Amino acid sequence: MNETMFIDPQRCIGCRSCVAACRECSTHKGYSMIFVDYIDRSETTATMPTICMHCEEPTCALVCPADAIKQNEDGVVMSALKPRCLDCRNCVNACPFGVPKYNSAMHLQMKCDMCYDRTSEGLKPMCASVCPTGAISFGTYEQIVPLRRTKPVNAHVFGNQSVKTKVYMMLPTDADEVSVDGCGVFEGQIALDGANVSEESWIDTQVEESNKSNEF
Amino acid sequence: MSKVENLASIIDRFGPHLHDEPIGGWSAERKVDKMVPTHCPYCGMQCGMNLLVEKNHVVGVEPRYDFPVNEGRLCPKGVTAYLQTHHPDRLEYPLIKQNGNFERASWDEALDLIVAKFKGLQEKYGKDSIAVYSGSSLTTEKTYLVGKFARLGLQTRYIDYNGRLCMASAAGGNNKAFGIDRAANPWSDIPHAEVLIIAGANCAETFPILNGFLWKQRDNGGVWIVIDPRETATARQGDLHLQLKPGTDVAVANGILNVLINENLIDQAFIDSRTNDWEAARAAALNYPPDVASEISGVPAGKIIQAARLYGRAKTGMIMHARGIEHHSNGTENVLSYINIALATGKIGSEGRGYGTITGQGNGQGGREHGQKADQLPGYRSMLNPEHRKYIAEVWGIDESEMPEPGVSAVELFNKMREGEIKGLLSICSNMMVSLPDTNQVRKSLEGLEFNVCIDFFMSESARYADVVLPGTTWSEDEGTTTSGEGRVIKINQAIDPPGEARHDWRALQEIAHRMGRGKYFQFESPREIFDELRVASKGGKADYFGVTYEKIDKQDGVFWPCPTEESTGTPRLFEERFAHDDGKARFHAIEYKGAAEKPDEEYPLIFTSGRIVHQYLSGNQTRRIGFLVQQCPEPFVEMHPETAMRYKINDGERVKVISRRGEGIFPALVVKTIRPDTIFIPYHWGEELAANQITNAALDPTSKIPEFKACAARLEKIHTRELPILGEVRKGTSQNEVQKGK
C-alpha cells in the first residue's frame, strides 16, 4: 500500500468530522481512534488532529512485553491483539506521539490502524474521507505533493529520539523535520536558569498521568 | 389556550434525550441490504451521502465519492445524521393535549379535531384567523404544497416561513441588484478566484464542506479576505482579517469601494455597458474614505486599503457572505453594499468571478422560490402582480379573485398572534421558540393562540405549545428535491418507511385540506406528482424549474435552475451575458451607513451578537438529540475578550448573566482573544433558559423583514455560584479522550 495519511494542522477547523466518522468504521465498534484538540482556545481557534503516525520502528511495539502490537507488510501499526494484550499500558506510556489509548472495558489497547479494513479494500480511511478541508488526507506522496504548497515531512525528533513515520505532516517548504524538544533536559540543556530540573522531570508529565486521559 | 403546563413531564417523555448508537448497537453484526444515495438533511451544501440500510433500518453512513460537491467529505452533523432515524424521541403517533398532557390519539381523532377547530375559528373570525408557518428544511415539493395549502386549503393570507430568519436579506439584495435571487456561480468556480472576500460567514463552523473549495483556491495560490467581528477558524486561516464592529458592514464595504474608486481599480467598461445607477453609488462611497470607514467600523484603515487593493488588482475574485451581514435591520443594504464592489470591478459572470450567499438551511434556496413566502407565488412570482396571480390561479384551477392577498413576514405574523388578530396556527418543521428573536414575546404569541397544530418528527420547544402534534417524517423516509446554496436542484431519496404511525407530512397536509372540503386541489399521490405541478407553476417565472425532472437530476448530479425547457441542462453560472432585470443590466445602489437599530449605551455597553457552532443545526431540534454532537458542546457559552472579562471580574468558565432590554440568560464565560473587546457572542441553538434569542432584538429590515439577530446592546453581570460549568470542563479537557471517557 503506497498510500498513507497526510496531516495538515493549518487546515484543521476543529469540526471533529474525523472523530465522528472514525466511530463508523466497522472494526472500531463505536470508539474513535482519532483525537482533535484545541491548541490554546484562549488565544486561538487553532486545533490539531492526532492519529497514529505509524512509525517505521514503532516504540509501542518495541516496548510491548507480549508482542501484541504488530506492524503489517504495508507499514501499518495495528491495535494490540486482544488475546495477547496484558493491560500493562507500556505502549500507552511509551508512544512519543501520545496516541495509543487503553480501553478499560475491553482490556485492550486500541489505536488508529489506518482503517485497514477499508484501505485494504481500496477505500479511504473514514477520517480522511470526510475531512472537510483536507487537514487529513489519504493518498500517495506523488499525488499529494503537486496539490499542496506545503511539504510532507515524516522525520520527528523528540529530544534524543528520532522517529520516522509512515504518516506525513504537512509543513512549510523549508522544514525537514518536526522537532519536539520542549523539556530542555537533553544535550545538557537546562530549561530555566537556576531552576531545579531533574533529568527525569519529563517522566512526571508524560508517564505518571493520574487523570487517565489515555483511556477510553 | 396553548400553554406548557407539564414541561418536566414533556421533556421526560419526548426528550431531548441523547442517542448515540445505530440500531442494534455498535457491536451488532451487519448485513447491509442496500446503500441508498441521498443528501444530507442539514445545511445548504447538501452533501451527497449513502445511507446503509438493513431490514428497513438505517444503520450507518458511507461517504459518497461520486457527488461532485463533497466528493466523500462530510461534516460531523452529516456523519451522524442517520442517528435521527430510529431515535427513541421520534414522534410515532398523533398527540392531542388534554389538561396539559399530550395523549396518544388516532389520526382520525387528530384530524377531525384540527378541522373542527380550524373551521370554527374561521367561521367566527374569518379565513385569515389561521396562520401557517413553515420551514426551509422541507423538500421543495413540500414548500410548494404548504403555500398552496395555506392559500387554497385554508384560504388564508397568512403564511410565512423560517427562511425569513435566514437569507431574506440576501434575497432582497439579489433581487434589487440583479433581478434574480440565486448565487451567481457554482461552488466549483471558487478555486478559480484569485481573491475571495468572505463577509460575515464562518464557513468553518457553518458550512464546513465549503472549506474544501476554499482550500482548493488557496492551493491554487489564492487569497482570502475575511470580514468578521470574531477571529473564527475561517478568519484565522484567511490572509487578511477585517475584524469589524457588528453592524458596520456598510462602512467597510463603502470604504473598500472608496479605495477602488480613488485608485482607479474599477472596471468602467463593465459599469458602462452592464449596469445602471453607478453615479449614485459612487457618490455615496466617496463619503467613506478609509479613515471614516475605520472610525465607524473599528477596522484599521490600512486593512481596508489592503483589502481593496488585493481584490481590485486581482484579475478574478469572488465575494461570498452569509448571515453575519444579512441578520441586520439593514441587512439588505449590507448585501447591496458588497454587491456594489463586485459590480464596480466587473468581477461577476465568469469562471472565478462571482458573487453568492451561502445558504444556511438545507433547502434555503428552493424553500424561498415556490410560494411559502408571505408575498410570493411559485416560480418566484409576486402576489402583487396581476399577471402572476392569474397564471398561478390557472395552474391551480381557481378564479384569480380567490387568490388571497399577501400576508406578513414571520416576526409580524407572531406579533399578530400576540395582538389577537391571528387565533390559530399550523406550523411545520419550525422551532420558533428557539429561532425567532425575542423569545419571551414569541412565548406570549403561542400562549395566546386558541388552537395550535404542529407537524414535526421530534417534540420541539415550540411543539410543546401545540394542542395537536402530528408525527412527520425525516429526510430518509421520503423523497423529493431540494435546491442547494449554489442553485443546484438535487434529489433526496427514500431509504426506509416512516416508523410507527408517522406519515409523510405532505399527506397530512392533503388530508387536512380534504377534510376542509378543498380536496379537489390536493390530489397528489407522490412527491413526483407535486413536483410536476410545481414545474408547470414555475414555468416562465424567475425561478423556472420547468425543464428540471427527477431523471435529469439523477443523470446530471443535479440541475441548476433556471432550466426553462426539457432540452435545457440548466444554468450553473448566472449573468454571463445579461442580468435578470428587464433591460439586462444590474443596478448599483447608493448605501449610507445607519448601523444597528439598537446601539450600545451606558446601561448596555456591549454589542451582543449570535451565531452558530459546527455541532448543531439551526434550532437544534434534530442535533441536540445526537450524543456525539452534544458531547462536543453540551451547552451554549458567552464568548468575551479578556479585557471585557477583566472589566467585569469574570473568570473563564464562570457563569455570567447576559442582559438586554428584552431578556436575560445565564451562560458560562468563554474568555478568548478571538473576539473584539466591545462584542460578546452566544450560539443560538438552544431553547428555554439557554436561548440566546431571549436577548436579541426583533427590529426588522424594511425590505427583507429579517430580524436583527447580529447586533443589539447588552451588558454582563457577574453572578456568584459554586457550580462549575459543564462547558468549561469539556473545553479545558479539550480532547476527545476526555469526551470519549464519558461513553
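This is a predicted model: local features need pLDDT of at least 70, side-chain atom pairs count only at pLDDT 80 or more; totals for chains, interfaces and linings use all residues.
Residues are numbered from 1 along each chain as its sequence is written, chains are lettered from A in the order in which they are written, and side-chain values use heavy atoms, with hydrogens and water left out.

Let me start with the interface. Taking contact as heavy atoms within 4.5 Å, chain A brings 47 residues and chain B brings 51 residues. The area buried between them, meaning the accessible area (1.4 Å probe) that two parts lose on being put together, summed over both, is about 3900 Å², and carbon and sulfur atoms give 52% of that.

Between these chains there are 5 salt bridges, a salt bridge being a side-chain nitrogen of Lys or Arg within 4 Å of a carboxyl oxygen of Asp or Glu. In one of them Arg118(A) pairs with Glu62(B), with the closest N and O atoms 2.8 Å apart. In another, Lys673(B) meets Glu43(A) at 2.7 Å between the closest N and O atoms. Lys673(B) sits in the loop between strands S26 and S27 of chain B, and Glu43(A) in the loop between S2 and S3 of chain A, so this pair joins two chains; helices (H or I, at least four residues) and strands (E, at least two) are DSSP runs, numbered from the N terminus. Lys673(B) is partly exposed at 43% relative accessible area, and Glu43(A) is partly exposed at 39%, where buried means under 20%, exposed over 50%, and partly exposed in between (1.4 Å probe, protein chains only).

Over all chains the structure holds 56 salt bridges. Within chain B, Arg368(B) and Asp181(B) form one with the closest N and O atoms 2.5 Å apart, and this pair links parts of the chain that are 187 residues apart. Both Arg368(B) and Asp181(B) are buried. There is also a network of salt bridges linking Asp8(A), Arg11(A), Arg148(A) and Asp219(B).

Lastly, the cysteines. With a disulfide taken as a pair of cysteine sulfur atoms within 2.5 Å, the count over all chains is 0. For Cys47(B), the nearest cysteine sulfur belongs to Cys40(B) and is 6.1 Å away. Cys47(B) is buried at 6% relative accessibility, and Cys563(B) is buried at 0%.
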